[in-house]
Amino acid sequence: MRRLWAAVAASSMALVGAVAVIGLNSTASAATGGTGTGYLSTQGAQLIDATGTKVRLTGLNWFGMETDNKTFHGLWARPWKDHIDQMASLGYNTIRVPYSEDALKPGAQANSVDGYSNPDLVGLTPLQILDKVVDYAGSKGMRILLDRHRPTSAGQSALWYVAAAPESTWISNWQMLARHYANNPTVIGADLHNEPHADGTDPNGTGACWGCGDVNRDWRLAAERAGNAVLEANPNWLIVVEGVSCPSGGNANAWDNIPDEPCGWWGGNLSKAGQYPVRLNKPNKLVYSAHEYANSVYHQAWFDDPSFPDNLPGIWDQFWGYLQKQNVAPVLVGEFGSTLQNPQDAVWLQKLMQYMGTGVTGMNFTYWSWNPNSGDTGGIVGDDWKTVNQQKQSILQPYLIPPVGGGTGPTGSASASVSPSGSPSAPPPSGGCTATVKIDNAWQGGFQASVTVKNTGTAAVNPWTATFTVPSGVTLQSGWNATVTQSGTTFTAAAPSWAPSLAAGASVTIGFTANGPSSPAPSGVKLNGATCS
């Protein structure tokens, strides 16, 4: 439902972004919290709020406004506020919103909105729906980053303009949006154009270059033109500038004898930004952005490197991480994701999260995506637009900085409580439990396993907690369908807030990946302290 991917491994090294309730045109004021107060600026590689407090964006993408639907996907599945409530309750403080120029045209109509679950959206234009999302997200302490994802809903483009949407339309629409949200600091800025990339073959490339000087192809120069125009309309916004794929703007020619330049993910190559920086009239509003994906999205050469995943930080350093590490400007990893069906992808995601760091000084990010209908990555939620993919969430959770006012769980109820030690706050099951342990996959240095626990008692266990023992030397990497933690050789799986109860006769399967030996298998499974047979 989104883009066609192209990535070029042109050499052995390849490259693989709060406020209280405020209405439109209201006074810009907000409570200090997870996303700060007022508008954001940059200080070296750090984002700061209007008081100078350090801020970190830890968000996700909610797409749809860039497609023929012209509005957020999933509005056919559940009430729109429920989506935002759940995002906030999971700890995401920012929503990156892709759009195309088609959604902003006079007479544009949103479609695929279920009138029964979303009666207040019926008949609204795409921009009016966006206004409602902005207003409600702001009330939960979240921020909104707008992303010009496509010139038209027809698809991606290598350059920032096409015949149906020239550069003048691109800039004028950005200025319109900047003025429209000029008094609402929930909307923090403009991701100018999504994934500019190479087209054609060197030396006759026709795609987006960086620093080549061709006014029709040099993305750096175009970003300066658009960025400064946006700042004229709204001097408070951040200007987010993505990388390219190949700095020359052309794909590698494998058949010539000319050494090929390092290329990679669309929008992901910022290696020339140090030499050719984006020059804005307000330098403290510039944020660079890179995109990064996993092996299952496209099989890049570096995934086969014998030193994987330890080779990844060096690649990221060269192509975008250096901007953050050298205090040039903040980096927003605006898209990254995977279905995690390939166990190697989980290792990649863990390494990337570690690389970006923890706390407010870490790199900013917006995960791709909330939507389950992203064909190459899936979403944080499943096909029902509600059930959380706990494997993904468990990896991302330690790095999330929740918004103030974080909201309720997906059912609208308060979260169940588990003590900090992981010990259950409910009695053991009356009648006992059974457990099955399975090694689902194993590779050199690690494995994936599942532990299925059945409540054979006569009453529900609420909340439930399962524990089991692993061999010495096993270290937890990720878990799903529960909040999985480790203390010594004991793994504890605590019930997630959206499924705290294990009914009599019901089962739950806890999955996890770990480093270390897969044999002997985990053992000694207990449910709320009762030993399972």
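Modeller: Happy to! The second largest pocket holds about 330 Å³ of space. On a 1 Å grid over the protein atoms alone, a pocket is an open set of points where a 1.4 Å probe fits, with protein on both sides within 12 Å along at least five of seven lines. Points are joined across faces, edges and corners, and the volume is the space filled by probe spheres set on them.

This is a predicted model, where local features need pLDDT of at least 70 and side-chain atom pairs pLDDT 80 or more, while totals for chains, interfaces and linings use all residues. Residues are numbered from 1 along each chain as its sequence is written, and side-chain values use heavy atoms, without hydrogens and water.

Helices (H or I, at least four residues) and strands (E, at least two) are DSSP runs, numbered from the N terminus.

By class, the lining has seven nonpolar, eight polar and two charged residues. Ala, Val, Leu, Ile, Met, Phe, Trp, Tyr, Cys and Pro count as nonpolar, Asp, Glu, Lys and Arg as charged, and the others, Gly among them, as polar.

Now follow β18 into an open sheet of four strands, ordered β12-β13-β18-β15 with antiparallel pairing. Strands pair if DSSP finds at least two bridges between them. At the edges are β12 (433-443) and β15 (475-480). Five bridges join β15 to β18, and G479 has F512 in β18 as its bridge partner.

Note on methods:
1 Å grid on protein atoms, 1.4 Å probe; cavity = no way out; pocket = protein on both sides within 12 Å on 5 of 7 lines; lining within 4 Å.
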